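Dear colleague,

I am passing on the structure below, and after it you will find my notes on what came out of the analysis. Please read them alongside the sequence.

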Amino acid sequence: ANNKTFTMIKPDAFADGHTGAILKMIEEAGFKIKAIKTVKLSAEDAGKFYAVHSARPFYGELCAYMSKGPIVAAILEKDNAVADFRTLIGATNPADAAEGTIRKLFAKSLEANAVHGSDSDENAAIEGSFYFSELEKI
Ligand code: CMP
């Protein structure tokens, strides 16, 4: 299915109270929230989620960061979801993010970059299944 993507609102954005504003931007951009929950990952959980990055030099810090506090995980639906969501959130590094994007507005750093967005349809399905059972995928 090419109409779904997966997102996480990361610890700093959640702790700073930006969840409502971010979800509002997501809905106003035409995405339907198909599943959503607040969770707190262990470093081990984060390591499994980001296993694709296990060889990268920032992997250890990324796993520590993503387990430092609660996050919101959600499955989103829209035509062309993966690409359109990446446009909405902006570049991974907020220094490069376009005006009006979620990361431009709410990211603090490359690590604390407010939100995650899946990079492919295949990863969107894998990442959604990490957090949600079949019953929860309405
Ligand atoms: P995300 O889209 O969640 O995917 C992996 C995360 O690693 C990325 O956002 C960044 O927050 C984080 N990260 C930290 N350092 C780097 C880096 N040098 N290059 C890319 N991503 C990085």
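In these notes a residue is called buried if 20 or more other C-beta atoms lie within 10 Å of its own, exposed if 12 or fewer do, and partly exposed in between, with C-beta atoms placed from the backbone. This is a predicted model, in which local features need pLDDT of at least 70 and side-chain atom pairs count only at pLDDT 80 or more, while totals for chains, interfaces and linings use all residues. Residues are numbered from 1 along each chain as its sequence is written.

Strand β3 (residues 71-77) is largely enclosed by the rest of the structure, because 5 of its 7 residues are buried; strands here are DSSP runs (E, at least two residues), numbered from the N terminus. Two strands pair if DSSP finds at least two bridges between them. On that basis β3 runs antiparallel to strand β1 (residues 4-9), to which 6 bridges join it, with Met 8 as the bridge partner of Ala 73. Strand β2 (residues 32-39) also pairs with β3 in the antiparallel sense, over 7 bridges, and there Ile 33 stands opposite Leu 76.

Ile 36, which lies in strand β2, is partly exposed, since 17 other C-beta atoms lie within 10 Å. Leaving aside neighbours within four places in sequence, Ile 36 is in contact (C-beta atoms, placed from the backbone, within 7 Å) with Val 72 and Ala 74.

With best regards

Terms used. Helix = DSSP H or I, 4+ residues; strand = E, 2+ residues; numbered from the N terminus. Contact = placed C-beta atoms within 7 Å.
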